[in-house]
Each structure stands twice: as C-alpha cells, then as structure tokens.
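Me: I would like to learn how to read a structure with a few features as examples. Could we go through them one at a time?

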Amino acid sequence: MKKQVALSAIGKDQPGIVAALSKVFFENQCNLEDSSMTRLKGDFAVLLLISLPENRTPEDLRRAVEPVAQKWGLVFSMRELSPEEMELEASGTLPYTLVVYGVDHPGIVYRLARAAADEKINITDLRTHVTTGAQAPLYSLVMEVEVPGARVAEAFGEKLEALKKELKVEVSFKAAEAEEL
Amino acid sequence: MAVLPVLVYPHPLLKQKAPSLSPGDPQGLRALEDLEDTMSAHPGCVGLAAPQVGCLARAVVVDVSRSVRPCENHGRLKLLNPDVLEATQWKIGREGCLSFPDLLANVKRAQRIRLKAFNEWWEKMDLVFTGFEAVALQHEIDHLDGILFLDRIRSSKDLFERRKPQSAAL
C-alpha cells in the first residue's frame, strides 16, 4: 500500500540544506512528490510531500531525517497521510487569484482571510511581501483560493469591494485562467 | 524641460485614468520632454508614462534600446494618446516599475501589438511593435488607465522582491 508523509522543516538559511535533506530521501528510496521551499529573510522553510517505498515506514524516515535536521539546525515535523487524504482532490471548486496591495498596516491578511473563510473559500497558496516604499511600507499579497461556486465568487467579490475601501488597498480578484501560450 | 521625481505607489495619481489630450495641445509636448529628461536620469529605465511624473495626460516615452539586453526597437518613441488596436501572441515575462522600486512581477503581455498614436508634432502614427518593445508599450499605456503591473498578476508565484538593483525598469 502506498505510504505518504507530509514534512515541514525550518531553520537558519545556509547553502546545503536542500542537498542534505534530499540525500536522506534518495538514500531511503523515497520520492519527493510535491514541494515548496523558500527563504524568508534569514530563515529557510521547507514543505514536502514524500512517498515511501514498501520497505520503509514513516518511523524509519523520521529516524533518518533526525540527525540531518539536528546537524543543519532545522526544526521539523512529520505526519503520515491517511488513505483518504492521499486520494483527496479538489472537486467542483473554481480556482481564483486575489491580489491585494497597499500601504502596510495591521490586519490586512486577517480581514481578507476571515472574509474568505466566511464564504467557505479555501486558501491554497498565500504569499506576502512588505517592501520599503519611499513614503510608506508597501504591503503586497497574492492569494490563490478555491471557491465553492460562481455565486460565492460574486458575493466574495462584492465583499472585497467593501474591504478595499475600508483597508485602503488595491484589490484584484480574478478567475485563474489556464495559460495557453 | 525638467527631470521630475518619479511618483511611487501609493501616490493617488498612479491609480487615476488620464484624460486624452486635445490634438495640438502644447501640454503633450511638454509632458514628452519631461518624460524624456526623467527617463534619461534613470539608467536602465526603458519607459515612462506621464502620470508617473505627476502629469495626468496620455503621454508615454519608451526606448528599449536602453535595455541591457539588445532587442528589436524603433529607438526613442514619444507618443501622445496611444491606443492599442490589436494585441496578439501572448507571453508571460518579468517586469519592474519605477513606481514600485522593490518589486518584480510576471505579467502576461502581447508580443505583437498594433498601435495608433500621435507623435510629438501631432502627426498620426499607425505602427506594429513586437517583443520587449511591445511589452514596454503595454506597461506604459496601462499607466494611462491607472492600471499598475501588480493589477495583472495571475498567480501567487508571479510576485517577487527585487533582490539586486536594476533590471529593466519601466
């Protein structure tokens, strides 16, 4: 039976982290299925979905990762996925992208995320940046979401118009189109 | 003629739609001269739109021959009331903007456009532009409608912080 684990790790950025981690997976015949790794200021963060071979348990992998994480100063956690979770695929939802930017102030993410959650809109990816502007720090945010249906998208669009004025930000909310180039 | 400060977001003028110039309006030529002077003062800058220097008028300058990467070009373009008539061959490319000094974004633009505009002497032009020159023109014309490049981002992987100074700025 297929076994999958989700692993997250974070630690001070330095050259060699990805090589050290992927070496462990390679030596244990694990397959790196999905990954997202990025540096935020001085920290490097890793999110991985790994499938294990028949002859390895999640516990084997944990034991193999532990000394590497320790050596590289990474805090990590691991969780095995249930068979249902492995089958999980988004169905019947519409992908949308929300872009918001404006002068930085507390509460932007919260208000947007709250509004999304209230409409049962699922956030699948979120990136934010604060950059030092000439006059004021600029906050920019790009959020990818799954919307339960077209009517919800419309309602959320209206909510965003109100939030745009209240938060004094620019907002664009569009259906994510498949790029055919 | 003057080198003017380039407005940085959140300056409200950047989100406003600029009205068309009346044919023969001397404000057009003045705007073009200021844009040219200001662009020259920013190495790596390949285009500017009048609202970026605080002038709400439909005037842009583009000169992709200033780009560090050589590309096909018509030299210095000084355009009044530009209007895109046709846009084809869409492609995603990375852009910067002097009004957002710290950000870069992947934006989908047409690689071939047909443009109607007036030159600095108010002569009618109808020209076809391709490649980076077409992209730069679309970026600047967007400014005239208060559309900024961040408004055109389509995915969370399309926004980047500028980690080192200077690639082509528009």
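Reply: Let us begin with the second largest pocket, which lies between domain 1 (3–87) and domain 2 (94–175) of chain A, because both domains give residues to its lining; the domain bounds come from an automatic or database domain assignment. This is a predicted model, in which local features need pLDDT of at least 70 and side-chain atom pairs count only at pLDDT 80 or more, while totals for chains, interfaces and linings use all residues. Residues are numbered from 1 along each chain as its sequence is written, chains are lettered from A and ligands numbered from 1 in the order in which they are written, and side-chain values use heavy atoms, with hydrogens and water left out.

Me: What separates the centres of domain 1 and domain 2 of chain A, taken over C-alpha atoms?

Reply: The two centres are separated by 31 Å when they are taken over C-alpha atoms.

Me: Which residues lie nearest the centre of the second largest pocket, and which element gives the largest share of its lining?

Reply: Of the 19 residues in the lining, Asp34(A), Ser35(A), Leu49(A), Leu81(A) and Thr124(A) lie nearest the centre. Helices (H or I, at least four residues) and strands (E, at least two) are DSSP runs, numbered from the N terminus. In chain A, at least two lining residues come from each of β1 (3–12), β2 (31–40), β3 (43–52), α3 (83–87) and β6 (122–131), and β1(A) gives the largest share, with four residues. By class, nine of the lining residues are nonpolar, six are polar and four are charged, where Ala, Val, Leu, Ile, Met, Phe, Trp, Tyr, Cys and Pro count as nonpolar, Asp, Glu, Lys and Arg as charged, and the others, Gly among them, as polar.

Me: How do I read a helix such as α1(A), and which of its residues are buried?

Reply: A residue is called buried under 20% relative accessible area, exposed over 50%, and partly exposed in between (1.4 Å probe, protein chains only). In α1 (residues 17–27) of chain A, the buried residues are Ile17(A), Ala20(A), Leu21(A), Val24(A) and Phe25(A). Seen down the axis of α1(A), these residues fall within an arc of 135°, so they line one face of the helix; the arc is that of the directions from the helix axis to the C-beta atoms. The face turned away from the buried side carries the exposed residues Lys23(A) and Phe26(A).

Me: What covers the buried residues of α1(A)?

Reply: Contact means heavy atoms within 4.5 Å, and the cover includes β1, β2, β3, α2 (58–72) and β4 (74–80) of chain A. Just after α1(A), Gln29(A) takes a positive phi of about 55°.

Me: How many cavities of 30 Å³ or more does the structure hold, and what lines the second largest cavity?

Reply: There are two cavities of 30 Å³ or more, and the second largest cavity has a volume of about 30 Å³. Its lining consists of Val18(A), Leu21(A), Ser22(A), Phe25(A), Leu32(A), Met37(A), Val46(A) and Leu48(A). The elements that give two or more residues to this lining are α1, β2 and β3 of chain A, with the largest share, four residues, coming from α1(A). By class, this lining has seven nonpolar, one polar and no charged residues.

Me: Is Thr131(A) buried or exposed, and what is in contact with it?

Reply: Thr131(A), placed in strand β6 of chain A, counts as buried at 5% relative accessibility. Leaving aside its neighbours within four places in sequence, Thr131(A) is in contact with Pro137(A), Leu138(A), Asp102(B), Leu103(B) and Glu161(B).

Me: Where is Lys120(A) found, and what is its phi?

Reply: Lys120(A) is found in the loop between α4 (108–118) and β6 of chain A, and its phi is near 60°, a positive value in a residue other than glycine. At 66% relative accessibility, Lys120(A) counts as exposed.

Technical notes: 1 Å grid on protein atoms, 1.4 Å probe; cavity = no way out; pocket = protein on both sides within 12 Å on 5 of 7 lines; lining within 4 Å. Points joined across faces, edges and corners; volume = space filled by probe spheres on them.
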